[in-house]
Amino acid sequence: MVSHRDQEVFREDFRNRRRLSATEREALLKPYLPDPSDLPQRKSRKASISRKTPVRTFLKSQIHQLTYTIIHIFFGIAIRFIQSYHAVVDRIFAIVYYHHRTPELIRKDVKGLKRLPEHLSVILSLRKEDDALAVLMDEVAELAAWSTASGIPTLSVYEKTGILKSCIPTLYELVTSKLSSYYGTPSQQPKLQLFAPHHPVYQTSTPTDTDPSKSNPESLTLLLLSSTDGRETFVDLTKTLAEMSQNGKVSPQDITPELVDAEISEITTHPAQSDDDGDGASVFIKPEPDLLLVFGPFLKLDGYPPWHIRLTEMYCTGDTGNGLTGYGEAVEYQGFVQGLWHFAGAQMRFGR
Amino acid sequence: MATSMHLSRLRKWFLASPPIEYAISHLRELLVGALKQGPVPQHVAFVMDGNRRFARTHGIETVEGHNLGFEALARILEVCYKSGVKVVTIYAFSIENFKRSKFEVDALMEMAKVKLSQMAQHGDLLDSYGAKVRVLGRLDLLKPDVLEAVNRAVDMTSRNGDRVLNICFPYTSRDEITTAVRDTVSEYSRPLKPICSPSTGPRTPFSESHIALNIQAQRTEHNSDTESTSGSSEDGNGNTKQDRSRNKVYESGSSFSSSTTLHLGQQDGPGTKTSTPLTEGTDTDNPAFVSPETISRQTLTDHMLTKDNPPLDVLVRTSGVERLSDFMLWQCHEDTEIVFLNVMWPEFDLWHFIPVLLGWQRRISKSKQNPDAEGDFDGEGSVSAEEDDGIILRPDNKVKGM
């Protein structure tokens, strides 16, 4: 803690270009420096000093220990109060803002917002119960439905283990049935494309072309990501580049951020060509998500692909909520809407 | 308006009065000492955002705002190092920031130069406290005079150990990742030095003609059992040249490795066999390389600018902007806790930082008590298992087996 007088001297030093000499500055600094003998590397001297004042050192450490305990007790109490407050607020929001599986209602919730993310990304976590996969897939389906209803064209779902990628057809079924519970008959449903890096686009032949006037113009591209799309992708890229360089096909000087960006973006924007129909691979999405929603007790990226999030806004639903459950938050509609409101720089209010 | 000004002046006077100042400084010391009792993050990163906005809202010049920001930095560094944080990384200047007004860029550069050269003047003082300053980023974009100050400060403190201050000076994370990829690639595309068998090591000054004769004699008997001897000797060479033990010599594993590298290996194989040890000049046509398959996540991490630092534990960004803005993307996307605070950087102090630290300590001690509850730790385990799988290369074992 620097005293005010010294602070003023220090500021004058910079402002008026009336530089203090090195010794003057050192004199100014002296009172604030810890005793060199306190430092761990001076073991011999420290030992002798602590021998001189063993009682004081002991008392000091005891006081610190005590303060640590007290602070954490009070902090814990405060946290619990804040958590219960937020839990109550959360419940109220959950009641006030309920979607009732009506796209119109969801659209109304986001109507007043200044901006909407073009590409929304979500971090979900697999729980530990037996039906964890079913719960996870249901969450993805719900999110897909909310995103389409609020007019977000691209949704990417990150789940660390990548279990979702192994059951794309089932997930597709689930999402379509969820959409039908929101939108009704298949002809009114938005078009859905589902894919993961290194996987072909999965979409069933849509029956909507029977009556184009009635069909829903909205569409949703659902992208599945896992931790292998993060650092592992860079490792693969480096391997390829190293091999090319060893063969003299590329020189290390050619590796620029633009090249890396193009290569890394390729993976998420251009899915692998499916064998049966070539035209299905026409997916163009914005590789950089605008908003990243973290459904968890605190903001941790947990291996999310690093390259594209440099300008992504992040919002953690559990930021202020309960971190006690430990497993990560349930995916609930009010959290989703709150994230969108936050992104638009708006405050959520009680009452629609 | 007038009353609030009077109030703030009164408050300032009150806080500046000696007894209060004394009490507050002792309170801070007590708090820091208390924080030290629990687990402390080893590596903390700060995005010092909000200097300009602070200056604008308080009606002072932008440059003055940056100065206040520097004071805040000094305050928070004191807290960090006293409480036991080993490495602090700060985002001082982005490559993108060169696009700002020339006046501001110049003022920032001037400030950096002055502070760094002042630091260098106190070399012995820094020595005794063991803080090491490092500047990360594209130093080639700096002006020569600033660069000189940077180099002086870095050299001065390079011998100090223990505590590290990383200043990301003209830095973006994408640039860092690209550089890491590029460095890895150029390292792997540097041909390995030809094998130096003990009899022909570079330290023994034998006559060249004599050696040439020896080769002739050796090659005739060598050809019979080339496979095993070259395999083992190359392996030894790989280990001594690169101190990373996982590295493997390309062609020794080529015949066993995956299909993508197979043809390459066959090309290389005969080339190195005919020109075994000593024909140094001629064997550049078919040089031996370290296999790219040995590149792992760790290899890339070792090429990042923060390679010797512990993993990033906490990242704090002030001013309420909830983006990373191209900072520490590689380092923070795994287990880092990211915190966005709604204060301007010049106002940032221990009081804002304490809740962050307490929350972190709470979470860490909870997950230590009960690793199953958090779900973080088994995840980590599986990652490391994966990594191990990637590192252990079957060709190596097979060669050794032979």
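In which sense do S1(A) and strand S2 of chain A pair, and over how many bridges? They pair in the parallel sense, over six bridges. Strand S2 of chain A covers residues 154–159. One of the bridges joins A:Leu120 to its partner in S2(A), A:Leu155. Before I go on, please keep in mind that this is a predicted model.

Let me stay with chain A. The chain has 10 helices and six strands. Of its 352 residues, 33% are buried. If we take the contacts in chain A between residues at least 6 apart in sequence, 70% of them join residues at least 24 apart.

Back to strand S1 of chain A, which is residues 119–124. Six of its six residues are buried, so the strand is largely enclosed by the rest of the structure. In a regular strand the side chains alternate between the two faces of the sheet. Here, A:His119, A:Ser121 and A:Ile123 point one way, while A:Leu120, A:Val122 and A:Leu124 point the other way. Both sets are buried.

Next, helix H9 of chain A, residues 257–269. An α-helix has 3.6 residues a turn, so residues three or four places apart point the same way.

Two loop residues in chain A deserve a mention. Most residues other than glycine have a negative phi, and most peptide bonds are trans. A:His100 is not a glycine, yet its phi is positive, about 50°. The residue sits in the loop between helix H4 (54–96) and helix H5 (103–109) of chain A. A:His198 is the other one I picked, with a positive phi of about 70°. That histidine, A:His198, lies in the loop between strand S3 (191–195) and S4 of chain A. Buried or exposed, then, for A:His100? A:His100 is exposed, with 9 other C-beta atoms within 10 Å. A:His198 is exposed as well, with 12 other C-beta atoms within 10 Å.

Now the place where the chains touch. Chain B puts 59 residues in contact with 53 residues of chain A. Several elements of chain B each supply at least two residues to the side that touches chain A, among them helix H2 (18–35), helix H6 (123–129) and helix H15 (350–369). Which element gives the most? H8(B) does, with 11 residues. By class, the side of chain B that touches chain A has 21 nonpolar, 21 polar and 17 charged residues.

Last, the sheet in chain B. Six strands form an open sheet in the order S3-S4-S2-S1-S5-S6, and the pairing is parallel. S3 and S6 of chain B stand at the edges with a single partner strand each, so one side of each is left without a neighbour in the sheet. From one strand to the next, the twist averages 15°.

Some detail on the pairs. Strand S3 of chain B, residues 131–136, is joined to S4(B) by six bridges. There, B:Ala131 has B:Arg163 as its bridge partner. Strand S2 of chain B, residues 87–91, pairs with S4(B) over five bridges in the parallel sense, and B:Val88 stands opposite B:Leu165. Strand S1 of chain B, residues 43–47, pairs with S2(B), also over five bridges.

How enclosed is S4(B), residues 163–168? Five of its six residues are buried, so S4(B) is largely enclosed by the rest of the structure. Helix H4 of chain B, residues 62–83, lies across S1, S2 and S4 of chain B, and runs at about 160° to S2(B).

Technical notes: Residues are numbered from 1 along each chain as its sequence is written. Chains are lettered from A and ligands numbered from 1 in the order in which they are written. This is a predicted model: local features need pLDDT of at least 70, side-chain atom pairs count only at pLDDT 80 or more; totals for chains, interfaces and linings use all residues. A residue is buried if 20 or more other C-beta atoms lie within 10 Å of its own, exposed if 12 or fewer, and partly exposed in between; C-beta atoms are placed from the backbone. Helices (H or I, at least four residues) and strands (E, at least two) are DSSP runs, numbered from the N terminus. Two strands pair if DSSP finds at least two bridges between them. The expected span of a helix is 1.5 Å times one less than its number of residues. Two residues are in contact if their C-beta atoms, placed from the backbone, lie within 7 Å. Ala, Val, Leu, Ile, Met, Phe, Trp, Tyr, Cys and Pro count as nonpolar, Asp, Glu, Lys and Arg as charged, and the others, Gly among them, as polar. Axes are lines fitted to C-alpha atoms, for helices over the stretch in contact, and angles run from 0 to 180 degrees between N-to-C directions.
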